[in-house]
Amino acid sequence: MLKAINTEESEMLVIGIAGGTGSGKSTVVRKIIESLPKDEVAVLPQDCYYNDNHHIPLETRLKMNYDEPKAIDWNLLTKQLDELREGHAIERPTYDFLTCARLPETVKIEPREVVVVEGILVLCDKELRDRMDIKVFVDADADERLIRVIHRDCIERGRTPKMVIDRYEETLKPMHELHIEPTKRYADLIIPQGGNNKVAIKLLTDYIRTLLPSFRNRQ
């Protein structure tokens, strides 16, 4: 059940959206953005905050485990979220999945009424979790997630189907069971059927709108 939130304590609503790789998190984020007036949502994807490993040889980087909490620069993510909450713009890092390294370019993110922190592991870190007003876990069957991962990684990340399946069996599946699935217990809302659950997504987006001062003022 979604909890009651005192939005008078903060002018910013922080939403955490977790779930397995290929579960439909991006669809949920897109629906949140579409449900609100333009430019009211800032997104901090966990994938932009992988540790900066450019100093490590490429061959080694390609073999590293990127599906465990220690692969993420939690300090930077938490620091930049705090800066947004304090009303300051940030320079969000960018990441190259082909070379598994942080890029020199950054993206300027301005404070917004809603900040979405999205990624497979975002409910793992207590410091980050404690800053979230709403915590969501997007759930989907393992077979559906694997199909989406194969499609995404082959098109966007230059991998072959065999590479994706091998990685799923060796890393994604065990890391999901060890680190991601257990974070369901922290969620205020679990969305089954991933991004296809239109009813749950509408309930979430309607709830978010009722919490925003700008929305209430228009009523």
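The structure, a predicted model, contains zero disulfides. A disulfide is a covalent bond between the sulfur atoms of two cysteines, and a pair counts here when the sulfur atoms lie within 2.5 Å.

**Cysteines**
- The cysteine sulfur closest to that of Cys100 belongs to Cys48, and at 14 Å the separation is too far for a bond.
- Cys100 counts as buried, because its relative accessibility is 5%.
- For Cys154, the closest cysteine sulfur is that of Cys100, which at 15 Å is likewise too far for a bond.
- Cys154 is partly exposed, its relative accessible area being 25%.

**Helix α7**
- Helix α7 spans residues 198-211, and its 14 residues reach 20 Å from the first C-alpha to the last, close to the 20 Å expected at 1.5 Å a residue.
- The buried residues in α7 are Ala200, Ile201, Leu204, Thr205, Tyr207, Ile208 and Leu211.
- These residues lie on the same side of α7 because they cover an arc of only 160 degrees around the axis.
- An α-helix has 3.6 residues a turn, so residues three or four places apart point the same way.
- Lys198, Val199, Lys202 and Leu203 are exposed, on the face of α7 turned away from its buried side.

**Confidence**
- The chain has a mean pLDDT of 88, with 93% of its residues at 70 or more.
- Confidence is highest in helix α3 (residues 74-85), at a mean of 98, and lowest in helix α8 (residues 213-217), at 58.
- Where pLDDT is low, the predicted coordinates should not be read in detail.

How values were computed. Residues are numbered from 1 along each chain as its sequence is written. This is a predicted model: local features need pLDDT of at least 70, side-chain atom pairs count only at pLDDT 80 or more; totals for chains, interfaces and linings use all residues. Side-chain values use heavy atoms; hydrogens and water are left out. Helices (H or I, at least four residues) and strands (E, at least two) are DSSP runs, numbered from the N terminus. The expected span of a helix is 1.5 Å times one less than its number of residues. Buried means under 20% relative accessible area, exposed over 50%, partly exposed in between (1.4 Å probe, protein chains only). The arc is that of the directions from the helix axis to the C-beta atoms. pLDDT is the predictor's confidence in each residue, from 0 to 100.
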